[in-house]
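Dear colleague,

Please find the structure below, together with its sequence. My notes on what was found follow it.

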Amino acid sequence: MKIFLETYGCQMNVSDSGKIVYLFAGQGYQPTTDSKTADLIVINTCSVREKPELKIFSALGRYIPLKRKRPELVIAVGGCVAQQWGDKLIKRCPGLDIVFGTHQLDILPDLVSQVRQSRKAVALTDFQERPGGMEVMPAPAAEAVNAMVTIMQGCDNFCSYCIVPYVRGREYSRPHAAILEEIRRLAQLGIKEVMLLGQNVNSYGRKEKGEINFAELLAKVHEISGIERIRFTTSHPQDMSEALIFAFAELPKLSPYLHLPLQAGSDAVLARMGRGYTAADYLEKVRRLRRAVPEIALTTDIIVGFPGESEADFQETLAMLEKVRYDQIYSFKYSIRPGTRAAGFADIIADEEKRERLARCQALQDKISQEILAAQVGRRAKVLVTGASKRGAGEWSGRTPENRIVNFRASEDTRSGDLLPVKIVAALKHSLKGEVVG
Ligand code: 5AD
Ligand code: SF4
C-alpha cells in the first residue's frame, strides 16, 4: 500500500505530516511521490497567510478523477482548512472521502479503515481537550541529525489578524514527562539537535495544574545526554520571561538563536494587532537577551500593510529592522482571515501599496543580512554537520550555533551529526563558506 502526502504551511504541519507517514507505516503503507499509484492521498492544509481554498480545490480536481482507474483510492484532507470547512468540504468536493481536523491526526488510520469498509465519506473536526496526535512519536530517518518535538499546540492570544486560535484550538501543553521521554529516545537513535515546537512555546505549562514552565522544561531537556543543541519556536515577546532570558545564558546547549516575531514597529499598529507590547518593550527584551548572550542571532516575522498602517507606521517597522539587526526576517503582506477581529477593520491598504512596502522591507533586510554574514568572516565556530552539501564532491553542510548555514570541505570519514571546528572564510548571499581547522 502507498500513501501520497501533500503538505502546505508551517513547521507544525511538516511535523504533523511526519507523524501521519509514521502512523501509516505501522499499517504497511510506504510513502510515494507519485499520486497516480497511491492507495491513500492526504492533503495537509494551511490557512495562516493565504487563501488556500483555490489551491486545495485544484489539487482535489486532479486527485479525485484518479478514483475512476483506482476505485479503492481514499482521499483525505486535514489541517487548518479542513478544520474550518468541516463537512462542507465534502459537499463542495464529491469524491473526497475524509475531512479530519487538527485534533484528529491520531485517528486518521481508523477513519481510512472505516471508509474502506463503508465507502461513506466522513468529516470529524471536533476540538478535543487533548489534541489527538500529540503523543505520536515518529522514528527519525536513519541519517537525521535533528528532530522536531511538539511540546504544545494551540494559542490563546487571539492576535487580531490571526486564524491560528480558531483552527488549532486553545493552548494545550503536553506533559513534560512525555516530552522528555521522546527526546531521550531520539538521543538514543542518534539525534543531536531538537527543535521544540508550539504556537506559543513561552506559555508552555501555564494552564496545566502543577506543570513546569518553559524555562524549567529547557533545563530538563538540557540534561539529556546525546542532545547537543536545543532550539524552539515560536516565542511570543509578551510571554518571554526573565527566566527564559537567563536560560540562554545558563544552558550551553541552548542555541544562541531566537525567532521572536515582531510583526510591526509602530505602537499604534501593534495595539490594533493585539500584540500586548510596544516597540520599546520589544527592544528592552532584545537588550536583555543580548546582555545575557551577546552573540545571539535573532529572526522575526513582519506583516506589512495591516489595516490603517500609514507610511509613518511602516517607517517604524523599517527602523526596528535597523535597530534590532535580525539575521533574517520572514515578511508577509497582510491578508484578511475571515472570522478574525481584523477582518472588520477599516482603512484597508491597497495591494499595490502592500507589495511596495514588502519590497522595501525585504531590500533593507537583505542589506542587513549580508552585513551580518560578512561580519562572520574570520570567526571560528563549532559547526554541526547536517549532511553532504548540495554542491556535492567532498563538500559538507552544517549550522553554526547561531543557526547560520556553513558549507565546507571535510575528510571522507565526516558524518552527519559530527561537531567540527570551522573557520569562516567567506560570506555568500544566504550562507557562509568555511574551512575545518585544528
Ligand atoms: N496576514 C499576513 N501574515 C500573517 N501571519 C499570520 N496571520 C497573518 C495574516 N492574516 C504571519 C505572522 C505570523 C506568521 C506565522 O504568519 O507574521 O507570525
Ligand atoms: Fe497567531 Fe498571535 Fe497566537 Fe501567534 S500568538 S499563533 S500570531 S494568535
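What distance separates the centres of domain 2 and domain 3, taken over C-alpha atoms? The separation is 26 Å. The contact between them takes 16 residues from domain 2 and 18 residues from domain 3, where contact means heavy atoms within 4.5 Å. The domain assignment gives domain 1 (2-124), domain 2 (146-374) and domain 3 (380-436); such bounds come from an automatic or database domain assignment.

Before the details, please note that this is a predicted model, in which local features need pLDDT of at least 70 and side-chain atom pairs count only at pLDDT 80 or more, while totals for chains, interfaces and linings use all residues. Residues are numbered from 1 along each chain as its sequence is written, chains are lettered from A and ligands numbered from 1 in the order in which they are written, and side-chain values use heavy atoms, with hydrogens and water left out.

The ligands

Ligand 1 is surrounded by V48, R49, Y161, Q263, D301, I303, F332, K333, Y334, S335 and R337; a residue is placed around a ligand if one of its heavy atoms lies within 4 Å of it. Several polar contacts can be listed here, a polar contact being a pair of N or O atoms within 3.5 Å; within protein, one atom must be able to donate a hydrogen and the other to accept it, and residues adjacent in sequence count only if both atoms are side-chain atoms.

- Q263 has a polar side-chain atom 2.7 Å from an oxygen atom of ligand 1.
- Y161 places a backbone N or O atom 3.1 Å from a nitrogen atom of ligand 1.
- V48 has a polar backbone atom 3.5 Å from a nitrogen atom of ligand 1.

Around ligand 2 are C155, N157, F158, C159, Y161, C162, V164, P165, H236 and R275. This shell divides into seven nonpolar residues, two polar and one charged. In this count Ala, Val, Leu, Ile, Met, Phe, Trp, Tyr, Cys and Pro are nonpolar, Asp, Glu, Lys and Arg are charged, and the others, Gly among them, are polar.

The nonpolar cores

A nonpolar core is a set of buried Ala, Val, Leu, Ile, Met, Phe, Trp, Tyr and Cys residues joined through side-chain atoms within 4.5 Å. Buried means under 20% relative accessible area, exposed over 50%, and partly exposed in between (1.4 Å probe, protein chains only). The largest core has 68 residues, and those with the most contacts inside it are V194, L196, F214, L218 and F232. Apart from it lies another core of 23 residues, among them F4, I56, Y63 and I90.

Individual residues

Helices (H or I, at least four residues) and strands (E, at least two) are DSSP runs, numbered from the N terminus.

D16 is found in helix α1 (residues 11-25) and counts as buried because its relative accessibility is 8%. Its side chain makes a polar contact of 3.1 Å with the side chain of R168, and D16 is also in contact with N44 and L105.

S331 belongs to strand β14 (residues 328-333). Its relative accessibility is 11%, so S331 counts as buried. The side chains of S331 and Q362 are joined by a polar contact of 3.0 Å, and the residues that S331 contacts include I302, L358 and C361.

L262 sits in the loop between β12 (257-259) and α10 (267-273) and is buried, with a relative accessible area of 0%. Among the residues it touches are L270, R275, Y277, D301 and I302.

K382 lies in strand β15 (residues 380-388). K382 touches R229, R399, T400, P401, L419 and L420.

Backbone geometry

Most residues other than glycine have a negative phi, and most peptide bonds are trans. Where are the exceptions to be inspected?

- T233 and T234 are joined by a cis peptide bond, with omega about 5°; T234 lies in the loop between β11 (229-233) and α9 (242-250).
- D347 has a positive phi of about 60° although it is not a glycine. D347 is placed in the loop between β14 and α13 (351-374) and is exposed, at 57% relative accessible area.
- N403 has a positive phi near 75°. N403 lies in the loop between β16 (395-399) and β17 (405-409) and counts as buried at 13% relative accessibility.

With kind regards

How values were computed:
Lists of a residue's contacts leave out its neighbours within four places in sequence.
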